[in-house]
Structures are given as C-alpha cells and as structure tokens.
2 protein chains.
Amino acid sequence: MHSIHDLPTPTALVDVDALEHNLATMSARLPGALLRPHVKAHKSTALAEMQRRHGHRTFTCATVREMIGMARAGFGDDLLLANEVVDVERLRELAAEQDRAMITVAVDSDATIDAAARAGIRHVLIDVNIGLPRCGCAPHDAGRLADLARSRGLVVRGVMGYEGHLMVSDDRTAQQRDTLAAMQVLREAASQVGGEIISAGGTGNHDVHAEHRGKTGVTEVQAGSYALMDTYYSTLGLPFHQALSILGTVVSTQEKWAVADVGLKSLGMDHGNPTIEGHKVWFCSDEHITFATEKVDDCARDGDSTRDGDAARLAARAPQPAVGSQIRVIPAHVDPTMAMHDHVWLVRGDQVLDRWPIDLRGW
Amino acid sequence: MHSIHDLPTPTALVDVDALEHNLATMSARLPGALLRPHVKAHKSTALAEMQRRHGHRTFTCATVREMIGMARAGFGDDLLLANEVVDVERLRELAAEQDRAMITVAVDSDATIDAAARAGIRHVLIDVNIGLPRCGCAPHDAGRLADLARSRGLVVRGVMGYEGHLMVSDDRTAQQRDTLAAMQVLREAASQVGGEIISAGGTGNHDVHAEHRGKTGVTEVQAGSYALMDTYYSTLGLPFHQALSILGTVVSTQEKWAVADVGLKSLGMDHGNPTIEGHKVWFCSDEHITFATEKVDDCARDGDSTRDGDAARLAARAPQPAVGSQIRVIPAHVDPTMAMHDHVWLVRGDQVLDRWPIDLRGW
C-alpha cells in the first residue's frame with residue numbers, strides 16, 4: 001500500500017507535513033507542560049506519541065475510555081479527565097490504572113466528589129464554570145468543594161475551567177478581553193481552592209493564553225483541534241494547517257453535479273457541511289456527498305449569469321470529475337469526524353506512510 | 001445486567017415493544033418481498049433477524065461491508081447493494097460471497113458496469129435518477145446501460161430509483177402526486193431496461209407506495225428508518241413509534257441548566273439537535289448535552305414572564321434533574337446515530353432484555 005489510489009474509500013487521511021507544522025508551531029508557543037494536549041480531538045495514541053515527541057507529557061481526556069487507553073499505552077505521566085463522571089464502577093476501572101499512571105479527575109459537585117472518593121480516585125481538580133453553560137461549579141462554590149474533597153481524602157491539585165464560548169470569534173480584541181475576564185474568575189476561584197494547577201483554554205484562544213500567561217495565572221492550556229484542524233477553526237486565521245481530510249471516490253456524475261462516497265456517517269456534521277476545494281458542496285447523505293461540477297468561483301457568479309451569458313459560464317465550468325477519480329473532503333468539525341473512523345492513513349501528498357488506529361473510540 | 005440503571009452511559013437503547021409495533025405495522029402494509037428493508041438504518045444483523053421473522057427475506061444495503069456482513073450472517077436470499085461502487089477489489093470481495101448469497105449491485109454508468117463485470121458480479125439493477133440530485137443515470141440512458149450490462153455478461157434484474165427529495169413533506173397530497181410522477185419516470189425507464197424488479201421508496205412515502213402499487217408498478221419498497229424512527233420522521237404522522245434513544249447520565253447541574261453525557265459523538269447531528277422529552281435542549285458538545293431545567297411548556301411562556309411574574313415561573317419549573325439520574329435522548333436522525341455505537345441494548349421500560357452488536361459498521 002504505497003499510494004492513496006490503492007486505499008478503499010471513504011477513509012481518513014492525515015497529512016504528515018501539516019501535522020508536524022501544527023505540532024511544532026504549538027509547542028513553540030506553549031512548550032512542554034504549558035500545553036496539556038486534548039486527546040478527544042484525535043482519539044489516537046499514535047498521534048499522542050507525536051505530541052510527546054514535541055515535548056508534551058501531560059494529556060487531557062474527555063472519557064474514561066480515553067484515560068484508560070492512554071494509561072495502558074504508556075502515556076501515564078499525568079492524565080487529566082476534564083469531565084465529570086458519577087459512575088463509580090467506571091471510576092473504579094480508572095482508579096485501577098493509578099499504579100501505572102497519574103490520574104486526575106475533574107469534579108464540580110458533592111455527587112462527583114463522592115463518586116471519585118468511593119472509587120478510590122486519588123487526585124482531583126475543581127471544575128469551575130467560567131461562562132459556558134455546561135459543566136463546572138459556580139465560582140463562589142469552588143472553595144467549599146475543595147474543602148469537601150480534601151475531607152474525603154482526595155488530593156486537590158487546583159482548578160480547571162473551559163471558556164468554550166470564547167473559542168471562535170470574529171472580533172479578536174473582544175475575544176482577548178473576554179478571555180482575560182474569564183481567567184480572572186478562574187484565578188479567584190483558584191485562590192479559594194489552592195493547589196498548583198490552573199487549567200483552561202483551547203485552540204481558538206491559545207494565543208491569548210500564550211501571550212498573557214503572566215497576567216492570567218493559567219498554568220496549562222487544553223488545546224486539541226490545533227493538531228488536525230477543521231474548516232470551523234480555519235476561519236480564525238490561526239497559524240495551523242489543515243491536516244485531516246476524508247478521501248472519497250467519485251461514484252456517479254451528471255452534467256451539473258457529481259457524487260462521492262463520503263457521507264455523513266464519515267463526517268462530523270454538527271458544524272455544517274464539509275468542504276471540497278474548488279467545488280461547491282450541495283448536501284450530504286448517509287454515504288454520499290453531492291457537489292456541483294462548477295468551480296466555486298463560477299458558482300459565486302451565478303447571480304450574473306444573465307449578463308455573462310450561459311456560454312461563458314459553461315466555458316468556465318470545471319472539468320466534470322470522472323467516475324473513479326478521488327477527492328478529498330475537509331470536515332467542518334474534526335473531533336466527531338475522527339470518532340467515526342477506526343483508523344487514519346498518514347500521508348505525504350499521495351504517498352501513504354503509515355496506518356494509525358483510532359484506538360480510543362467509544363466510552 | 002437487568003436494569004438500564006446498571007448500564008454505563010452513553011449507550012443506545014431500543015424499545016422492543018416500539019420496534020415490534022413498527023415491524024408489524026410495516027409488514028402488514030408491505031408484506032414479504034414487497035418490502036426490501038434497508039439495513040443502513042440499523043447496521044445490525046440481530047435487527048435484520050427480527051425483520052426476517054416478520055416475513056422479509058430480501059434486504060437493501062448501502063455499503064460493501066453491509067452486504068458482506070449480511071451474507072456471512074445468513075441473510076443471503078436476495079441482497080441488493082443500492083449504491084454505486086467502482087472499486088473492483090472491493091467488488092471482488094463481494095462477488096466471492098455469491099456462492100452463498102444472491103448478490104445484486106446497482107449501476108448507473110459505463111464505469112460502474114465495467115467495475116461490476118470485471119469483479120465477477122453476476123446481477124445488477126440499473127439505478128435511475130428520478131429527481132434527487134444524487135446517483136442514478138438519466139432516465140433516457142437506462143436502456144442503453146442495460147444493453148451494455150448484458151453485453152458484459154451481467155444479468156439485469158430491473159431498475160431502482162430513490163425519490164429521497166420526496167420523503168419528508170408537510171403537504172402529503174403534493175407528496176403523493178410527486179411520488180406518482182417520479183414512479184412514472186421510473187416505470188418508463190423500466191420498460192426500456194427489462195427485468196422484473198422496480199425498486200423505490202422509503203419510510204416517508206411508504207404508504208403512497210402501499211396504496212398505489214397497481215398504479216406505480218413498483219415491486220418493492222426500500223424503507224429502513226421505520227424500524228427505529230427519529231424526530232425528523234416523527235413529524236410526518238406516520239404510524240411508527242420512537243424505538244431508539246440514547247441513554248445518558250446527568251453529570252452536572254446549575255440553576256437554569258443540566259448537563260448529561262450524551263454528546264455529538266453519540267448522536268447523528270446532520271438533522272439538528274436531539275430531543276429530551278419535557279425539556280428544552282440548548283446545545284450539544286462532543287460529550288455533553290446541555291438542556292434547560294425548565295419544562296418545555298414553561299420555556300414556551302418565556303415571552304410572558306413579565307406578566308406572569310418570576311415567582312409563578314419558578315413555581316412551574318420542573319424539578320432540577322439530580323446529578324446521577326438518567327435521561328433518554330431522542331436522536332434527530334437514526335441512521336448515523338446507529339453507526340456511532342458498537343452495540344445497542346434491547347429494553348422494555350427500564351428492563352434490559354438483550355445486547356445487540358451493531359456489526360455492520362464501517363465500509
């Protein structure tokens with residue numbers, strides 16, 4: 001298997017040069033433990049290994065499965081489950097990894113502290129709500145929860161917060177201002193909680209955290225999407241390249257459209273349609289993507305068609321993709337896309353270099 | 001494992017009574033070979049076995065994996081791949097099943113006919129475009145393709161078409177009219193093609209096909225979603241019940257919202273947000289669903305809050321779900337949701353009856 005032309009489709013490709021660029025760029029900005037790469041964005045211990053080669057030995061996870069998988073694959077230096085779990089049985093399975101791994105679990109309530117303590121988890125962070133309507137305790141309650149956790153024998157390593165509502169913004173000045181305000185809330189909670197860790201942030205505002213570290217007090221950033229990227233994050237002008245695509249084969253064509261075998265079962269669709277460079281995507285079905293055979297530039301001129309005349313538009317039309325030819329589809333959201341595949345192919349151009357299992361799928 | 005309260009979450013549940021109702025209702029309307037159940041909607045040979053018990057021995061698939069999996073699981077009486085494939089290697093793997101299974105593959109172009117012939121596939125249907133901008137040849141080209149297929153030694157069993165653009169409509173009179181018009185196009189193509197099969201339709205217009213069978217000439221309907229249903233199809237007033245839900249655990253609460261561990265990695269999101277009965281869903285993240293602690297009825301009165309007064313609204317608010325309690329989330333689209341899970345639990349109320357692998361995932 002030496003060329004992508006030999007791969008059955010649909011299948012996920014990771015461009016090794018784009019990935020290396022992204023990892024190097026991020027590790028220059030947030031070296032070592034300043035970045036706690038989020039595994040949920042790729043669910044692959046092979047990719048985590050590349051992140052470790054770039055100097056990161058601490059990792060963030062979103063599921064018990066990711067935590068246990070990382071621990072068993074030898075990434076146990078310092079694993080954070082940045083999510084609440086009340087299932088004592090599952091937490092016991094996780095606690096059983098503590099002999100080989102440093103395990104820390106986020107808690108944000110009496111119930112999650114009780115579950116962690118009963119399961120024999122040793123280390124926790126207090127998860128503080130800093131504006132996103134999701135997990136995290138009210139900031140004023142963080143100190144009480146830390147005291148409760150300590151009274152149950154848990155080591156409280158500090159706080160985390162996730163300002164997910166500030167990741168994507170057209171107004172980067174406002175994004176910076178709001179991030180700094182959210183970090184002030186988190187820092188004040190941290191002063192009530194104690195411990196050494198203040199964990200926050202993500203790909204979309206990693207640069208605010210990198211530039212204002214002295215001011216925010218944040219000790220580590222939980223970015224994940226930067227490694228592979230998607231069309232949603234690509235609108236921000238971040239210094240990361242698109243590394244993930246889904247390879248498809250054109251299986252049917254008509255005069256005005258073509259159909260490839262990359263459908264919504266192989267693409268995270270919550271951020272909308274994916275992209276095909278040079279073409280306009282019409283819609284996705286379970287196993288299909290329908291896209292216009294016109295190039296995007298020509299579609300944009302549709303409103304002028306009476307002026308330009310149909311002949312000129314037809315002349316400008318892109319060559320119809322042949323049945324059997326391959327296309328690359330860029331997902332709108334990387335995390336759920338990776339979770340739909342059981343492996344990815346590491347490629348350079350059309351050359352296939354390696355096959356990586358997505359070994360941390362499921363729960 | 002006797003109760004859903006013992007299940008780790010998130011996980012998929014299938015209500016056995018709703019499923020049985022749906023299968024019985026459909027098989028009464030389209031008995032035996034008049035229905036060719038579409039496997040893509042559930043990807044489970046265990047569920048296919050229940051469809052077989054309801055009298056259906058012919059099945060529709062969307063991927064080579066589904067075809068091979070069904071053949072090897074003993075469902076080989078008459079399997080249709082209602083999709084175009086040009087990958088000769090994959091088609092050869094499928095052709096190798098022809099000793100134990102009757103395999104038929106859709107073709108809509110010279111290239112797909114060539115691939116099928118080279119792979120040793122024996123039977124094809126001509127896939128005819130009847131209005132949905134996706135696969136299928138132009139209707140006037142169907143006869144030529146049938147001749148080409150026969151010249152390559154393929155047995156042409158007839159035609160198929162999929163009027164996917166007519167599945168969901170507020171105006172059922174228009175839906176019926178447009179379905180009958182599309183079937184006229186398909187019937188005319190069939191007269192050019194020959195063979196005995198005219199295959200079309202789906203859950204959304206299965207009743208049009210059932211009631212007008214003499215007029216349309218359609219010999220079989222390819223419905224799939226009817227078995228498990230979703231909130232998208234539930235708007236149509238069809239006689240099927242919601243059988244699929246994703247079981248979640250509430251992991252965090254605040255005054256105005258609660259968060260459960262059912263996120264967009266466990267839900268097909270292309271048709272929008274899922275539903276939680278009695279609550280208003282705010283948004284989904286990778287591993288979370290955030291929903292209002294108010295009941296839906298109270299949310300609908302938000303505009304009247306100044307008149308009713310905040311006290312009345314608070315009094316009417318639903319009890320805040322406790323951390324650790326379970327909820328059921330109803331997906332907006334069944335097919336991709338099933339593809340995200342590797343098993344489902346068959347349940348009656350809170351009682352767990354069986355565990356079914358989703359064994360036909362992938363490609």
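In chain B of this predicted model, 7 strands line up in an open sheet with the order S2-S3-S4-S5-S6-S7-S8, and the pairing is parallel. Strand S2 (58–61) and strand S8 (220–221) of chain B sit at the edges, so to speak, since each pairs on one side only. At one end of that order, strand S7 (residues 197–200) of chain B pairs with S8(B) in the parallel sense, over 2 bridges. One residue pair can be picked out here: B:Ala200 has B:Val221 in S8(B) as its bridge partner. Helix H7 (residues 172–193) of chain B packs on this sheet and touches strand S5 (123–127), strand S6 (155–160) and S7 of chain B. The direction of H7 makes about 165 degrees with that of S6(B).

Chain A has an open sheet too, with 7 strands in the order S2-S3-S4-S5-S6-S7-S8 and parallel pairing. Its edge strands are strand S2 (58–61) and strand S8 (220–221) of chain A, each of which pairs on one side only. Further in, strand S6 (residues 155–160) and strand S7 (residues 197–200) of chain A run parallel and are joined by 3 bridges. Within that pairing, A:Gly158 has A:Ile197 of S7(A) as its bridge partner. Helix H7 (residues 172–193) of chain A lies across strand S5 (123–127), S6 and S7 of chain A, and runs at about 165 degrees to S6(A).

Now for strand S1 (residues 11–15) of chain A, which is mostly covered: 5 of its 5 residues are buried. As a rule, side chains in a regular strand alternate between the two faces of the sheet. In S1(A), A:Thr11, A:Leu13 and A:Asp15 point one way, while A:Ala12 and A:Val14 point the other way, and all are buried. What does S1(A) pair with in the antiparallel sense? That partner is S9(A), joined to S1(A) by 4 bridges. Another 4 bridges join S1(A) to S14(A), and this pair runs parallel. A:Val14 takes part in both pairings: A:Val14 stands opposite A:Leu244 in S9(A), and A:Val14 also has A:Leu346 as its bridge partner in S14(A).

Zooming out, chain A is divided into domain 1 (16–228) and domain 2 (244–357). The centres of these two domains of chain A, taken over C-alpha atoms, are separated by 35 Å. Where they touch, domain 1 of chain A gives 11 residues to the contact and domain 2 of chain A gives 11 residues. On the domain 1 side, helix H1 (16–29) and helix H2 (45–53) of chain A each supply at least two residues. By class, that side of domain 1 of chain A has 5 nonpolar, 3 polar and 3 charged residues.

A:Ser234 is placed in the loop between S8 and S9 of chain A. Is A:Ser234 buried or partly exposed? With 15 other C-beta atoms within 10 Å, A:Ser234 is partly exposed. Leaving aside neighbours within four places in sequence, A:Ser234 is in contact with A:Met229 and A:Gln242.

The contact takes 45 residues from chain A and 45 residues from chain B. On the chain A side, helix H5 (110–119), strand S9 (244–253), strand S10 (257–260), strand S11 (279–284) and helix H13 (334–339) each supply at least two residues. The residues of that side divide into 20 nonpolar, 13 polar and 12 charged. Which residues do the copies use? 100% of the interface residues of chain A are also interface residues in chain B, so the copies meet through the same surface. A rotation of 180 degrees, with 0.0 Å of shift along its axis, superposes chain A on chain B (RMSD 0.0 Å). The two copies are therefore related as by a two-fold rotation axis.

Leaving aside neighbours within four places in sequence, A:Met340 is in contact with A:Lys265, A:Ser266 and B:Met340. A:Met340 and A:Leu267 are 73 residues apart along the chain, and 7.2 Å separates their C-alpha atoms.

Technical notes: Residues are numbered from 1 along each chain as its sequence is written. Chains are lettered from A and ligands numbered from 1 in the order in which they are written. This is a predicted model: local features need pLDDT of at least 70, side-chain atom pairs count only at pLDDT 80 or more; totals for chains, interfaces and linings use all residues. Two residues are in contact if their C-beta atoms, placed from the backbone, lie within 7 Å. Ala, Val, Leu, Ile, Met, Phe, Trp, Tyr, Cys and Pro count as nonpolar, Asp, Glu, Lys and Arg as charged, and the others, Gly among them, as polar. Copies are superposed by least squares on the C-alpha atoms of residues with pLDDT of at least 70 in both. Domain bounds come from an automatic or database domain assignment. Two strands pair if DSSP finds at least two bridges between them. Axes are lines fitted to C-alpha atoms, for helices over the stretch in contact, and angles run from 0 to 180 degrees between N-to-C directions. A residue is buried if 20 or more other C-beta atoms lie within 10 Å of its own, exposed if 12 or fewer, and partly exposed in between; C-beta atoms are placed from the backbone.
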